[in-house]
Amino acid sequence: MIPGAVLRRIGLGGITGSPIAFVVALALMGLLLAVPLGHSGYLEIVFRNILMYATMAYGWNLIGGYTGYVSFGQVAFFGAGAYCSALLSAHGVDNLFADVALACVVNALFAVLVGLPVLRLKGHYFAIATLGIGLALADIVANLDVLGASGGLAVHHVDEAHFYVYYYAMWLVALGAILATYFIARSKLGFAFVAIRENEEAAAVLGIDATRYKITAWAISAMMAGSAGAVFAPANGFLDPSIAFSVDSNVFPIVMAILGGVGTVAGPFIGALILAGANELLQRYFIKVHTLFFGAMIVLVVLILPRGLVWLFGLRGGARTWLKSLTAFRA
Amino acid sequence: MQLLAQDLVNGILAGGILAVVALGFSLVWGIMNIINLAHGAFLMLGAYLTYQLFASFHVDPFLSLPISFVVLFALGYLIQRFLINWVARAPILTTFLLTFGLSLLMVNIALLIWTGDQRGVTTAYSGANFTLAGVTVPWTKLFTLVAALAITGVMHVWLTRSKTGRAIRATSMDIGAAQLSGVRVARIYAIVYGLGAGLAGVAGTLISLSYAVNPGMGDPFLIKAFVVCVLGGLGSVQGALIGGLVYGIVEAFATQLDITIGTQHISGSGLQDAIALGVLLIVLIVRPTGIMGKATA
């Protein structure tokens, strides 16, 4: 996608993106620990959703940002994770750790199984095949009576007084996604992912087993999305295909990762914070036109900040470099 | 046998519309390497335009075909010229996201103007049909198929014979060489995107005759356009036509599926997206260049 040399030249050097941005992201995560202390159910849900989207954005970032395989089907893993919790709950298991563990195992298997044929495709074709996976899974679940079909099913709740449990669970899952991305990016695994993104043939020549690494990236990203889903289902209390496989959960994480900065460790979190926050405010004050504003915002971001916000942290050459970047891809 | 013949005819009739939907999408993708997520929104605008002309001025939907084309062409041309051209050569993600944002904008503007209510274009001949050897054919759908074939034919001739058409094909083959030969790429891109939008508008007009019109109506067609495109081969006019017909027939048969395993009842009509994906995956794995496609990068 973005050649490494160009990244270094514009100041986004290194495999994790700007270290300042990473520290800022961790500090913000620390602040988010305090949200349930405000005893506002509304705020708790808003920030829990931000953490949920952030986790999915990290999942997408790993396969789409680091490995360069742009997936539009991460919602399939989110939904699969959510339904894992629902099934456990239906069988009397009310434990968030069990939920997340099962979601991870199921999603890793699912990702390997689907990844074997699908990861052979490249570029647009991969994107479309993954889009199809999300839609097809929603269709299939809507027709399965075991999973409540299109009518949906209830998922257990802890009692009202302990509602914050879900918030902290989601916080932990999000922190896990951030740290996992950081350590993966700095490990051999991360370098292999980036090598595949930059040039798959050259990576193969260097002895990188592309298929194996692509499936690894896809499986880890699926586990992240699935964990978010596994915590979301019981927190939401109810699950049906339109909630589990919503267009929002598919598209928001991608937009967030791109807004924050693709292929960076801090990007998805910062993008999620800003985008979900903005969306919430717009929804609150301009309920009728908020999606319109949202669309306009995406258009503006693509044209004004094509490299994402994290890029601004490490920008060398100031406004001139930025102006140059605006016309870099002109027809 | 009767039922099979009816399914086949239904499939062909639906496939003709899909061919027009996919044609514009395929041109934009094949020539500019842009996956135009706003295609469904253009289609929706075309349908609303037809509805409004019909409701306010009693313009026959078939007469509003050229109006849809011209209006949507102009809109598409301006969007490419002043927005998308800025990032036309960026990685696919960029234009993907940009057209997604544009689609959100258009769908929500339509929602503000026409609200979310279902609208319909009901002409005097809407319900009329004839029966041939036991197979029922609605007149509107037959006219739609004829219009679709005519549009595909005109596009094919225009792309291969006209000066602009040749410039467009030259740009898709080798951008540098085209520029050296005096092709103004920015203008060609704007024309191609305009064509894509115009064809989506025409498809919207045709669709408004047989389907309900609402702001979200474009999405299912967008996904089918993807599949038809891959099925037929990118950027190819004949490919879009054949892909559309094949897909229409497969879908017509698949939605008749009706099995019961134990207590679990499976009906094909609820699994439209799953069927689309199944077809897509098989084609991608067996013949990634599509039925009519040539082997290219």
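Helix H3 of chain B, spanning residues 64-82, has 19 residues and reaches 27 Å from its first C-alpha to its last, close to the 27 Å expected at 1.5 Å a residue (the expected span is 1.5 Å times one less than the number of residues). Helices (H or I, at least four residues) and strands (E, at least two) are DSSP runs, numbered from the N terminus. This is a predicted model, in which local features need pLDDT of at least 70 and side-chain atom pairs count only at pLDDT 80 or more, while totals for chains, interfaces and linings use all residues. Residues are numbered from 1 along each chain as its sequence is written, and chains are lettered from A and ligands numbered from 1 in the order in which they are written.

- The buried residues of H3(B) are Ser64(B), Ser68(B), Phe69(B), Leu72(B), Phe73(B), Gly76(B), Tyr77(B), Ile79(B) and Gln80(B); buried denotes 20 or more other C-beta atoms within 10 Å of the residue's own, exposed 12 or fewer, and partly exposed in between, with C-beta atoms placed from the backbone.
- The cover over these buried residues includes helix H2 (39-57), H4 and H8 of chain B.

**Overall form of chain B**
- Chain B holds 11 helices and 4 strands.
- Its radius of gyration is 19 Å, close to the 19 Å that the globule rule gives for 297 residues, so chain B is as compact as a globular protein of that length (the radius is taken over C-alpha atoms, and the rule is 2.2 Å times the number of residues to the power 0.38).
- Along the principal axes, the C-alpha atoms of chain B fill a box of roughly 60 × 50 × 35 Å.
- Of the 297 residues of chain B, 52% count as buried.

**Contact with chain A**
- In chain B, 42 residues are in contact with 35 residues of chain A, contact meaning that C-beta atoms, placed from the backbone, lie within 7 Å.
- Two or more residues on this side of chain B come from each of helix H4 (92-114), H8, H9, strand E4 (264-267) and helix H11 (272-286).
- H4(B) gives the most, with 13 residues.
- The side of chain B that touches chain A comprises 33 nonpolar, 7 polar and 2 charged residues (Ala, Val, Leu, Ile, Met, Phe, Trp, Tyr, Cys and Pro count as nonpolar, Asp, Glu, Lys and Arg as charged, and the others, Gly among them, as polar).

**The loop at Ala212**
- Ala212(B) lies in the loop between helix H8 (185-210) and helix H9 (218-232) of chain B.
- Ala212(B) is partly exposed, with 13 other C-beta atoms within 10 Å.
- Neighbours within four places in sequence aside, Ala212(B) is in contact with Gln118(B) and Gly120(B).

Terms used. Contact = placed C-beta atoms within 7 Å.
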